[in-house]
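Subject: Structure handover and findings

Dear colleague,

Please find the structure below, with the sequence alongside.

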Amino acid sequence: MEITNPLLLTVILINFFTLGSARLGACIRIVALQGALLALLPLAVHGFSLHSLVLFSGALLFKGVFIPLLLLRAIREVRIRREVEPVIGFVPTLILGVLMTAGAFLFADFLPLAVEHLDSLFVPTALATMFSGFLLLITRRKAITQVLGYLMLENGIFIFGVLLSEALPLMVEGGVLLDLLVGVFVMGIVMNQINREFSSINTESLTALKE
Amino acid sequence: MLANLVLHLFILLLFAPLLLGIITKTKAWFAGRVGAPLLQTYYDLNRLWRKGFVFSRTTTWVFLLGPVVGLAVPLLAALMIPFGALPAPVSFEGDLILFVYLFGLSRFFTAAAALDTGSSFEGMGAAREVTFSCLAEPTLLFVLLVLARLSGGLSMNTLLGEHLLASWRSEAGASLTLILVCLFVVLLLECSRIPFDDPTTHLELTMIHEVMVLDHSGPAFGMILYGAALKMMVLGALLVRLAIPWDTGWWLTNSLIFLAGLSVLAVLIGVIESAMARLKLPRVPQVLVGTSLLSIFALVLVLR
């Protein structure tokens, strides 16, 4: 348990960074780092076994390397560097994020958890990461930041999953990762389409579509 | 008690200007220059002290009060915080509030002295300084609250007491790391160092602290320079005590460890100044709000 607490705290700090930063490249890289850190969690919690090794390599490959590379490629293709005008400004989003994180910590205390999870940071971090992902999804205009929010949301679910990974079959986790990958692919195609039609990837433009 | 007070003041008054020298030397080393001698600040102080006062005819007594309060406040504040493992000479319940607002007092008088000259340029600097430090104040208070929660006391001596070593090893270690980072940012801002303010440029429209003291000269400017060095030492002492909470039991080794910690801090500031550029002015409040939020988060972590 010694190593997991710093890991989970770093994950929360990365949430804050992503909420407060306008640079897309930096955001993608730091979310990739978050994914890579989370990949270490199964090893730290369950020790070295075939199951946790598969989880580790799968998560590292998908969350830490493959999807971020796709996203980096996407921002190179559509030539964008920064999120220019978020729906809510960066500082208010950051404040909301911290409030939500604090709320997650308070809320986790009221949950009827198993005894061994009571004092750990797992449940609050999972909730906080999911909330941050939601926040990113709803406050940003660019489709690519929304994909990042989706990725972060999935990271939060993954933290929950680690707690259950003894009980959860590998197939389910594989399915989740695959879902995510398909999601990113679809988003990539959609992004390209939006970009070609409107010469920008603001999702705001989509509301102007008529039949 | 008296010996303690004398030792405290001796360390403070003698070694504070050295910190500025170490920072300058580190920056010079990074740039591949020889740089000013380590003791340059002492020479500067000596030179300024031998000059005469020059006052503009438009200024009043407020103008002189700025430097005087700026020198007196860090002296008073230094008496309330422990230097490494050396306990603070003056300590009472709740002095953390006084500690924070003493700096507010000095800021008020510096700003008032700047406004007293009637120059719009200095007024601009005063406005910036006040804005930024009012954003930095929550961070400092939340950091002290975290420490108060961990120690269970309300005086600086208890906040930075022996419990720190045990706290680092316990669950609270993460919060302590967070508040260490927050305190470092506050130190950089309060001492007007580079990501927030450039201490080496004069007459530039972007500067903050330096513009306010533009009209001071001679001994008054010396007081400002000395006061700034003392302030850096006092805030640095807070950081050093947090980062190095060991007590060797002998006053000499304790003070040596403390001074070594301060030198490392000064080198760190020098490295940051060499490696970073100044932040754009609108970015500064964002960073400060960010650190306030971090310190609130640290508080939430220790409260649960």
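Helices (H or I, at least four residues) and strands (E, at least two) are DSSP runs, numbered from the N terminus. This is a predicted model, in which local features need pLDDT of at least 70 and side-chain atom pairs count only at pLDDT 80 or more, while totals for chains, interfaces and linings use all residues. Residues are numbered from 1 along each chain as its sequence is written, chains are lettered from A and ligands numbered from 1 in the order in which they are written, and side-chain values use heavy atoms, with hydrogens and water left out.

I begin with a lysine of chain A. A:Lys63 lies in helix H3 (residues 50-77) of that chain. Its relative accessible area is 1%, so A:Lys63 is buried (buried means under 20% relative accessible area, exposed over 50%, partly exposed in between; 1.4 Å probe, protein chains only). Contact means heavy atoms within 4.5 Å. Setting aside neighbours within four places in sequence, the residues in contact with A:Lys63 include A:Glu154, A:Asn155 and A:Phe158.

Chain B contains twelve helices and zero strands. Of its 304 residues, 55% count as buried. A compact globule with 304 residues would have a radius of gyration near 19 Å, and chain B agrees because its value is 19 Å (taken over C-alpha atoms; the globule rule is 2.2 Å times the number of residues to the power 0.38). The C-alpha atoms of chain B fill a box of roughly 55 × 45 × 40 Å along the principal axes. Among chain B contacts between residues at least 6 apart in sequence, 79% join residues at least 24 apart.

A nonpolar core is a set of buried Ala, Val, Leu, Ile, Met, Phe, Trp, Tyr and Cys residues joined through side-chain atoms within 4.5 Å. The largest one has 138 residues, and those touching the most other members include A:Leu71, B:Phe83 and B:Leu147. Helix H10 (residues 218-243) of chain B gives this core its largest share, 13 residues. Not counting residues up to four places away in sequence, B:Leu147 touches B:His163, B:Ile179 and B:Leu242, among others.

Finally, B:Trp250 sits in the loop between H10 and helix H11 (251-275) of chain B. Its relative accessibility is 48%, and B:Trp250 therefore counts as partly exposed. B:Trp250 and B:Leu235 are 15 residues apart along the chain, and 23 Å separates their C-alpha atoms.

With kind regards
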